[in-house]
Amino acid sequence: MHEPDYGVAGRTAIVTGASQGIGKAIAETLAASGANVVICSRAQERVDPVAEAIDDECEGTALAVECNVREREQVDALVDATVAEFGGVDVLVNNAGGEFVAPFEDISPNGWNAIVDLNLNGTVHCTQVAGEVMRENGGGSIVNLSSVNGQHAAPGESHYGAAKAAIIRLTETLAVEWAPHGIRVNCVAPGLIQTPGVAETLGIDSEQMPEREEVDRRIGHGEEIADLVQFLVSPAASFVTGETVTAKGVPKPGNSMSEGLGLE
Ligand SMILES: CCCCCCC/C=C/C(=O)SCCNC(=O)CCNC(=O)[C@H](O)C(C)(C)COP(=O)(O)OP(=O)(O)OC[C@H]1O[C@@H](n2cnc3c(N)ncnc32)[C@H](O)[C@@H]1OP(=O)(O)O
Ligand SMILES: NC(=O)C1=CN([C@@H]2O[C@H](COP(=O)(O)OP(=O)(O)OC[C@H]3O[C@@H](n4cnc5c(N)ncnc54)[C@H](OP(=O)(O)O)[C@@H]3O)[C@@H](O)[C@H]2O)C=CC1
């Protein structure tokens, strides 16, 4: 009988932006399944405790590296450290990202560049550098974090939406270009997920997020995105590449969008 293989044990995964939120959940999930994870954020002191907890509690081991994904030299050093410690890179999760919400006319050139640089160019730097190692070693798997805001227009999200939409097309293009190298490239588009970053964007405590009236769907948890990422990088997804998987939960009961889902 066929049994699906969701295993990542012994593989080496770089997860960017893993000091908190979705990235932390992804790193913990992969490490709990036996992967060696290399986790980065802009501050060593924010990413060290995550690595220590993984080493204490998970089957896999963790290496914490200070790396701003906007800076190519720092990304070079991140990948060099990964190869030196674990001998290669099997998985790259481009998670580091963020935004501020503002009307298009209020976004300065610097503001536009800050968001595109973080979300799109950060993904490009990591993918080019880690991708070279994957090509030399005969393959790998990459998952990019887009957003429902990269799929559908929302007010105040012009810069972020443009960057996240570009990530979807980058994913599709690389899946084609790098298929001959044995590299699968997929994308995840989350809806609203309860994280410290979103709470900061909204100017509230993250525990208050589910109470927001304008949110018409259940708010998700980082682990629910992590489970999806684990599937995409596992052998069970060997025939999946170039795809963007949306994970946005279901509408709350009483919302008109919930009609037909049996939630009323
Ligand atoms: C119903 C709820 C809907 C909520 C939707 C939420 C969807 C979730 C998406 C997410 O990705 S949230 C999770 C990610 N985490 C965060 O976004 C964290 C919070 N944000 C930040 O930490 C920062 O904003 C940033 C995204 C990391 C950018 O910081 P950076 O240090 O790169 O930029 P700054 O130097 O602060 O500013 C650069 C430039 O941008 C201008 N700017 C900053 N904030 C605003 C603003 N609110 N409005 C307009 N412009 C802004 C800033 O003024 C600078 O421009 P200049 O002044 O130099 O011209
Ligand atoms: N939460 C949500 O509702 C949604 C999130 N997403 C996407 O998911 C991803 C994670 O979001 P979320 O967990 O909410 O974000 P958080 O803001 O909670 O966490 C962001 C992480 O990225 C790190 N980071 C930020 N800038 C950089 C940088 N330049 N270089 C390296 N690391 C960096 C932060 O660490 P530090 O500050 O220590 O550098 C932190 O670990 C992002 O790409 C986001 O756009 C998409 C759709 C919805």
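Me: By class, how many nonpolar, polar and charged residues does the shell around ligand 1 have?

Reply: Eight nonpolar, eight polar and six charged. Nonpolar here means Ala, Val, Leu, Ile, Met, Phe, Trp, Tyr, Cys and Pro; charged means Asp, Glu, Lys and Arg; the others, Gly among them, count as polar. Ground rules: this is a predicted model, local features need pLDDT of at least 70, side-chain atom pairs count only at pLDDT 80 or more, and totals for chains, interfaces and linings use all residues. Residues are numbered from 1 along each chain as its sequence is written, chains are lettered from A and ligands numbered from 1 in the order in which they are written, and side-chain values use heavy atoms, without hydrogens and water.

Me: Which residues come nearest to ligand 1?

Reply: R70, E99, S108, N110 and Y160, out of 22 around ligand 1. A residue is near if one of its heavy atoms lies within 4 Å.

Me: And polar contacts? What does S108 do with an oxygen atom of ligand 1?

Reply: A polar side-chain atom of S108 sits 2.6 Å from that oxygen. For R70, a polar side-chain atom is 2.7 Å from an oxygen atom of the ligand. T201 has a side-chain N or O atom 3.4 Å from a ligand oxygen. The cut-off for a polar contact is a pair of N or O atoms within 3.5 Å.

Me: How much of ligand 1's accessible area does the protein cover?

Reply: 61% of the 1200 Å² that ligand 1 has on its own. The areas are Shrake-Rupley, with a 1.4 Å probe.

Me: Which elements give two or more residues to that shell?

Reply: Helix 4 (109–137) and helix 6 (196–202). Helix 6 gives the largest share, five residues. Helices are DSSP runs of H or I, at least four residues; strands are E, at least two; numbering starts at the N terminus.

Me: Switching to rings. How many aromatic pairs are there?

Reply: Two, by the rule that ring centres of Phe, Tyr and Trp (its six-membered ring) lie within 6.5 Å. F104 and W112 are edge-to-face, because their centres are 6.0 Å apart and their planes at 80°. Planes over 60 degrees apart count as edge-to-face, under 30 as stacked, and the rest as tilted.

Me: Is F104 buried or exposed?

Reply: Exposed, at 55% relative accessibility. W112 is partly exposed, at 28%. Buried is under 20%, exposed over 50%, partly exposed in between (1.4 Å probe, protein chains only).

Me: Last one. Where is I142?

Reply: In strand 5, residues 140–145. I142 is buried, at 0% relative accessibility.

Notes
Polar contact = N/O pair within 3.5 Å; in protein donor to acceptor, adjacent residues only side chain to side chain.
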